[in-house]
Structure formats: C-alpha cells, structure tokens
Amino acid sequence: MSDTFDVIVIGGGPAGYHAAIRAAQLGLKTAVVDAFVGKDGKAALGGTCLNVGCIPSKALLDSSKQFYNIAHNLPVHGITVENAKVDLGTFIGRKDKIVKQFTGGVAQLFKANKIVSYFGKGKLLKGNNVEITGNDGATQTISATNVVLATGSVPIELPFAKFDNKYIIDNAGALDITEVPRRMGVIGAGVIGLELGSVWRRLGAEVTVIEALPDFLGAADADIAKIAFKEFGKLGLDIKLGAKLSKAQVKGNEVHLTYNDKDGDHDLVVDKLLVAVGRRAYADGLLADDVGVKLDERGRIVVDEHCHTGVDGVWAVGDAVRGPMLAHKGFEEGMAVAEWIAGKSGHVNYDSIPWVIYTEPEIAWAGKTEKELKDQGIPYRAGSFPFAAIGRAVAMNEAIGQVKMLAHAETDRILGVHMVGPGVSELIAECVVAMEFKGSSEDLARIIHAHPTLSEAVHEAALAVDKRAIHKGN
Ligand code: NAD
C-alpha cells in the first residue's frame, strides 16, 4: 500500500468523515487518521458525535422520554401502567448498540469508498507530511498534496471541578451512569446540560442546574427561551440563573458544591456533577512548530472563508475552527473543502444553519433573533402561532410552545424562525429551505401544508406575519 495520498484527513468525526467520503467520491486518493477508542477498547470512527455526542444522547433522550410518558402522558390517553421500571443495563446497552451500528457504518463507508483508515494520533509536519503515533507509541509518516484538519473539540474543564469521571463527569460520563443518581448537579444550562439533565431527571433524579448567565438560553430568541424555561420547570429541572460555581469537592460518595448568586453563597450536595460549560477546539499536539498553521486566542485553527489555513494544501473544518460547534456545520464544511480541493465550487451558508435542542419540548431555530434584528436596526414584522391551536398537537397531547417567524418589513424576506414545541427539530428544515431560497413569509403562507400536521404551525406563523392567521386572533 502506498503512503502518499491526494488527501489526508486528520480526525474521523462528522467534519472529517464527510470530507473524506466526498473527496473519495471525487476520485481523490484519500486517507483518514483517527485516534478515538470506543467503549470496547477498539478504534471507533465517527468522533464525538457518533461515540459520545449527538447519537448516544438522542438514544437516551428517546428511551427516557418513553419512561417519562408512562406516568405523565399515557394517563391522559386513558392508559395506565403500574410499576413501570427502568433496567439501566438495557437502557445504556441499547445506546451502545446504536453507537456501534453507526461507528461501524462509517468504517464500512470508508471501505466502500476505498478510503485508507489509519489508527493513531496524527501530527502535521512541514511539507504536508502526517506523522501517526499509535497506542503503542510506534510512529509512521504518510504524506499528501492536501491535508484536512478535523480534530474537533473537547469539554472545557473547570479548574475547581476537575473531571474524575466517577463523580464529576463530562458529557461522555453522563451517557454511562450505572445507577440513577438521587441528586444530580449540572453546571451550565447550555445544550448538553439541558439535554442530559433532562435524561436523568426523567428517570427520577433531582436535577439542579447552575448557570452563570442571568438570562436563560441567551442564544435563542427571548420568547422561545421564556416558554422553554417554564416547561423545564414543570419537568422538575431546578435551574438557577446568574449562579456561579465556586467550589466542588468530592467527599465520600458525594460532591459538595458551593455556588453564589445575587443572594450570596449557597451549598449543595449531589451524587453526580455534570460539568457542561462549553467545549474548546482541540488541536493539542496537532501541529509541528514549523508548519505555519495559526491558532487564535481561543485555540481554534485559523481559516479563511474557504476553510483554508493559509498554508499551501492545508485546510481545517468543524469544531476545530470558528463558527458554531454543530455536527451539521462540520458536515457541510467537510464536503465543501473536498469540492474546493477537487477544483469545484463548495458552498456553506453560515447564515442559515439550524440549531436544535432535543429537550421536551424541543427547541429549534435558524437565522436572526428578534433582539438581533432590533440591535442591528433591521425593520421586521413578526408572526407567531401556538401549538395549542394545532389540532394534531392537541390530539398528541403535546400542544406546547409556538412557532415565531420574523420577516423583513419591506421585502418580506424571512430573516429568522424560532420554535419551541413538538417535533420542531424536523419543522425547522422547511424554514431553512425557504431561507436558502431567499423566500418570503408570503411564500410559506401560500404553500399548502397537510392537515392535520404540526407543520401547520409554520404555515399559520407565516400567515400571522401579515396578520391573517386563521386559527387565532392577530
Ligand atoms: P454551551 O455553550 O451550549 O453551554 C454552556 C453553558 O455553560 C453556557 O450557558 C454558559 O453560560 C455556562 N457556563 C459557562 N461557565 C460556567 C460556570 N463556571 N458556571 C456556570 N455556568 C457556566 O456548551 P455545552 O452545553 O457544554 O455544549 C458544548 C457544545 O456542544 C456547544 O457548542 C453545543 O452547540 C454543542 N452541542 C450541540 C448539541 C445540539 O446541537 N443539540 C448537543 C450537544 C452539544
């Protein structure tokens, strides 16, 4: 086997494996270097997303939702189930099986596309050579015309609450708890804190979430965040805003916390502490001193709008570079870079990346929030529509939340859509399509939406922009 390639991708996560498969599809001789070791101790492709992120968390969110619904949703339908129990071995085991299916799926896709897979930690050397260090410390060097850096991100560790992966855990640890904790602390009311906090709350843990910022979900539209906050309260997530952790100490089988807010210092004792205060780009040991690739002040690999590092033939994509840390943003950058390498026109529109939080209710948005429009002085009209007036949502007993659409006051072009409610992770796709096509609220208002479906909330919100929603006062 030759060790010279057209493209070497360092990192086999979402951004990296998309880059590799697209490069191979375009006829480029491609290799991937990845060092991830799965739960079974074997090499596992797919990075954080497939191994300890998007996919396993969704598996646990869905399992815990089934359990929660037994007591909280089924009785409304006239169905009662007595003595429902969770077998945590099966619960976690199902998640592990799904992970294995998908990480194995990436390996199969590599084989089918004739991508050469190397296991080990890759380091970029001068001249687009990549040194690979295996687990046993043995090294080999391969080279390519183009190298794509896709090394992802790792959880940020708080100096006074270091991960021990037994009591103080990160996102990966929170996917493998072997007994439902009676009390769980979560630091950070961000995406991971809310999703994984929900999983363990639904199984019965008392969950306290400590969030440093005074506003809940600051990146979301304020109306949506307000509804979500109320619903998470009903679930029993005790979210403390404007609260900063100052101490976390493991004592026996407990973690003793001190946090302070406007009322002073507070103590809290929990059985598990999930620290989810964000992630940092991961480029540790990736670059030899003389390669010339730069890192910014946050440790992210510096790239231009084409994900090029400025060093001939060296590109970088995904969580390791600027922009939101979302798997699908990495997918698109990976594919676009492969196209650019092949001399084609890659494309990533950073203005219409959908955001989804897979809680109950789900939260999804794309484009600008109402506050951003106000701050930027952009004239807009807003239309919103509640799921309470959507027949399908009521029939499902999930009539919570709303869809809110923001369109330019003069051109009517859709500038942002914000949702909280049932199935909104899927509903946002229609709005992203409309935004990509530079559509207007009138476009969506004139499109026939099937009745009865949840998508009617999008249709009615579009009508509401022009104050002509049918099933509510405008
Ligand atoms: P996040 O940035 O979403 O949230 C971190 C939260 O922690 C913020 O609200 C921040 O204010 C708070 N915080 C920071 N320091 C704190 C402190 N000392 N005390 C209390 N609060 C503090 O980060 P995350 O939830 O860790 O997720 C990491 C990344 O992974 C994010 O970029 C996210 O987009 C991505 N992710 C996405 C999904 C999804 O798309 N559904 C799911 C999981 C993770």
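Analyst: The ligand lies between domain 2 (168-277) and domain 3 (354-465), because both of these domains give residues to the shell around it. The model under discussion is a predicted one. In the domain assignment, the chain also has a domain 1, made of the two segments 4-154 and 280-348.

The shell itself may be considered next. There are 21 residues around the ligand, and those that come nearest are Ile192, Glu195, Glu211, Gly278 and Val356. Sorted by class, the shell holds 15 nonpolar residues, together with three polar and three charged ones. Two elements of secondary structure, helix H5 (191-202) and strand S18 (355-357), each supply at least two residues of this shell. The largest share comes from H5, which provides three residues.

In the side chain of Glu211, an N or O atom is 2.6 Å from an oxygen atom of the ligand. Two further pairs involve the backbone. For Gly278, a backbone N or O atom lies 2.9 Å from a ligand oxygen atom, and for Ala276 the corresponding distance is 3.5 Å. The ligand taken alone exposes 850 Å², and 77% of that area is buried by the protein.

Is Ser198 buried or exposed? Its relative accessible area is 1%, and residues under 20% count as buried, so Ser198 is buried. Leaving aside neighbours within four places in sequence, Ser198 is in contact with Leu61, Gly193, Leu235, Leu237 and Thr359.

The loop between S18 and strand S19 (362-367) contains Pro361. The peptide bond that joins Glu360 to Pro361 is cis, with omega near 0°. Pro452 belongs to the loop between helix H11 (441-446) and helix H12 (456-465).

The view may now be widened to the other domains. The centres of domain 1 and domain 2, taken over C-alpha atoms, are separated by 27 Å. Across this pair of domains, 19 residues of domain 1 are in contact with 18 residues of domain 2.

Some individual loop residues complete the description. Asn128 is placed in the loop between strand S4 (121-125) and strand S5 (129-133). With a relative accessible area of 10%, Asn128 is buried. Not counting residues up to four places away in sequence, Asn128 touches Ile142, Ser143, Ala144, Thr145, Val147, Asp312, Gly313 and Val314. Asn165 sits in the loop between strand S7 (153-155) and strand S8 (168-169). Its phi is near 60°, a positive value in a residue other than glycine. Cys307 is not a glycine either, and has a positive phi of about 60°. The loop that holds Cys307 runs between strand S16 (279-281) and strand S17 (314-316). Cys307 has a relative accessibility of 0% and therefore counts as buried.

Definitions and conventions: Residues are numbered from 1 along each chain as its sequence is written. This is a predicted model: local features need pLDDT of at least 70, side-chain atom pairs count only at pLDDT 80 or more; totals for chains, interfaces and linings use all residues. Side-chain values use heavy atoms; hydrogens and water are left out. A residue is near a molecule or strand if one of its heavy atoms lies within 4 Å of it. A polar contact is a pair of N or O atoms within 3.5 Å; within protein, one must be able to donate a hydrogen and the other to accept it, and residues adjacent in sequence count only if both atoms are side-chain atoms. Accessible areas come from the Shrake-Rupley method with a 1.4 Å probe; for residues, only the protein chains shown count as cover. Helices (H or I, at least four residues) and strands (E, at least two) are DSSP runs, numbered from the N terminus. Ala, Val, Leu, Ile, Met, Phe, Trp, Tyr, Cys and Pro count as nonpolar, Asp, Glu, Lys and Arg as charged, and the others, Gly among them, as polar. Domain bounds come from an automatic or database domain assignment. Buried means under 20% relative accessible area, exposed over 50%, partly exposed in between (1.4 Å probe, protein chains only). Contact means heavy atoms within 4.5 Å.
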